[in-house]
Structures are given as C-alpha cells and as structure tokens.
Amino acid sequence: MVTNPDQIILWQHGFIKINATLAFTWLVMALLTLGSHLVTRRLSVDAPISRRQTLLEVIVFHINKQIHEVSQQNPARFLPLVGTLFLFIFVANLLAVVPGYMPPTGSLSTTTALAICVFTAVPAYGISQAGLWRYLKQYCQPSVFMLPFNIIGEFSRTLALAVRLYGNIMSGTVMAGILISLIPFFFPVVMQVLGLLTGSIQAYIFSILAMVYIASSTPGNKRD
C-alpha cells in the first residue's frame with residue numbers, strides 16, 4: 001500500500017523526477033489561482049453582491065478574526081501569509097475525496113517547506129515591526145544564558161510544525177487504507193467524511209500555530 005505521494009513517480013528523465021507530491025501541489029496551486037481570479041474579477045461595493053463575493057468576504061472575515069484573536073494586532077499584514085497557508089492546506093486535504101488523488105500534505109517534503117515559510121516569516125515580521133536589535137534581544141530573555149535554548153526552540157518548533165501535519169495526514173491515509181481493505185463497502189464513506197474533518201482541523205491548527213509563532217516575535221499593538 002502506497003501511503004506517501006513521494007513514492008509515486010509520474011515522469012522521469014535521468015535524475016529529474018516528477019512525483020505525485022509535485023504534481024498534486026501544482027494542481028492545488030493552479031486551482032487556488034484560478035479560483036482567486038474567478039472570485040475577485042468582478043468585486044463590487046454596491047448591492048446586489050454576488051454569492052462568490054459573499055463567500056470570499058465570509059472566509060476573509062473569519063481568517064481576520066482568528067488572526068486578531070491570536071495576535072491582538074492588525075490582521076491585515078498577516079492575512080496574506082496565514083490565509084494562504086490555511087487555504088493551501090485546506091484545499092490540498094479537501095481534494096482527498098477525489099479518487100486517485102493523494103494530498104501533498106502527506107509528504108514530509110511539503111510540510112517541511114510550509115514550516116520553513118513560517119520559520120522565515122517569524123524574523124521577517126519581527127524585524128520589520130520591532131527593528132533588528134530589539135528583535136535579537138528577545139533571544140536573550142529573561143537572561144543571556146537562555147540564548148542557546150531560545151535558538152534551539154526556534155528550530156524545534158519548526159520541526160514539530162512540519163512533523164505534526166505530516167504525521168496526522170499520513171496516519172489518516174494509512175488507517176483509511178487498512179479499514180477499506182477490511183470492509184471495502186462501508187468504510188470508504190465513513191473514512192472520507194473523517195478525512196475531510198481531519199484535513200480541515202489540521203489546516204486550522206497549522207495556521208493558528210504559525211500565527212502564534214509570528215505573534216510571539218512581534219510586539220502587540222492593541223490599538224490596531
């Protein structure tokens with residue numbers, strides 16, 4: 001039983017390989033790009049507002065609300081990154097209902113790339129808002145002796161972020177394969193429903209944790 005999309009090689013020429021992880025990642029990005037274009041091409045501030053625009057506004061409103069509750073800061077500057085992470089993981093997991101599709105989030109390479117995005121965003125947001133010196137001073141809090149531990153903590157939480165998402169998606173795929181092989185006529189529907197629920201929760205958890213890590217590096221401004 002194949003549980004990792006990295007193992008499925010779709011095309012190979014010499015050392016260049018295109019596996020299912022790459023193909024399905026491109027598919028999700030293409031769907032998000034096309035969907036964004038279709039939804040935003042006719043935005044309006046006057047009634048009546050289309051259903052697509054209403055749906056978009058509801059999604060943006062709830063993402064902004066979650067960002068503000070976690071960071072207590074203006075969500076506008078965090079929305080592009082956190083919103084993109086949530087939508088990518090959510091759509092990647094949602095498409096698991098399509099036969100033959102394997103979510104790229106079931107590959108450690110994909111989850112590691114997402115975690116690295118968060119890892120680089122933390123100092124980027126922190127330095128842009130607090131300045132280089134004030135940001136670096138955080139690693140010496142509450143004393144300079146905590147410097148190595150704080151640095152190790154930065155790497156360990158990035159590793160945990162990648163492994164958590166990969167482990168949950170991969171274990172769900174394995175469990176679905178085992179149960180379907182045992183009772184093929186009943187468990188597919190149940191596992192598809194559970195898979196959608198798990199995928200949605202994992203997209204939410206990853207985005208919230210990313211926002212927590214970024215907010216910890218930026219001084220709060222409750223006036224925003």
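A residue counts as buried when its relative accessible area is under 20%. The exercises below concern a predicted model.

**Exercise 1.** Determine whether threonine 111 is buried or exposed, and state which residues it contacts.

*Solution.*
- Step 1. Locate the residue: threonine 111 belongs to helix α4.
- Step 2. Apply the cut-off: the relative accessibility of threonine 111 is 0%, so the residue counts as buried.
- Step 3. List the contacts, leaving aside neighbours within four places in sequence: threonine 111 touches Thr105, Ala162, Leu165 and Tyr166.

**Exercise 2.** Describe how helix α3 and helix α4 are arranged, and which residues make their contact.

*Solution.*
- Step 1. Two packed helices are described by the angle and the distance between their axes.
- Step 2. For α3 (residues 79-94) and α4 (residues 108-130), the axes come within 12 Å and cross at roughly 170°.
- Step 3. Angles over 145 degrees count as roughly antiparallel; α3 and α4 are therefore roughly antiparallel to each other.
- Step 4. From α3, the contact is made by Leu81, Leu85, Phe88 and Ile89, and from α4 by Thr110, Leu114, Val118, Ala121 and Tyr125.
- Step 5. Sorted by class, this contact of α3 with α4 comprises 8 nonpolar residues, 1 polar residue and no charged residues.

**Exercise 3.** State in which sense strands β1 and β2 pair, and what the phi of glycine 14 is.

*Solution.*
- Step 1. Strand β1 (residues 9-13) pairs with strand β2 (residues 16-19) in the antiparallel sense, over 4 bridges.
- Step 2. Tryptophan 11 has isoleucine 18 of β2 as its bridge partner.
- Step 3. The two strands β1 and β2 form a hairpin with 2 residues between them. Glycine 14, in the turn, has a positive phi of about 65°.

Terms used
Residues are numbered from 1 along each chain as its sequence is written. This is a predicted model: local features need pLDDT of at least 70, side-chain atom pairs count only at pLDDT 80 or more; totals for chains, interfaces and linings use all residues. Side-chain values use heavy atoms; hydrogens and water are left out. Axes are lines fitted to C-alpha atoms, for helices over the stretch in contact, and angles run from 0 to 180 degrees between N-to-C directions. Angles under 35 degrees count as roughly parallel, over 145 as roughly antiparallel, 65 to 115 as roughly perpendicular and the rest as oblique. Contact means heavy atoms within 4.5 Å. Ala, Val, Leu, Ile, Met, Phe, Trp, Tyr, Cys and Pro count as nonpolar, Asp, Glu, Lys and Arg as charged, and the others, Gly among them, as polar. Buried means under 20% relative accessible area, exposed over 50%, partly exposed in between (1.4 Å probe, protein chains only). Two strands pair if DSSP finds at least two bridges between them.
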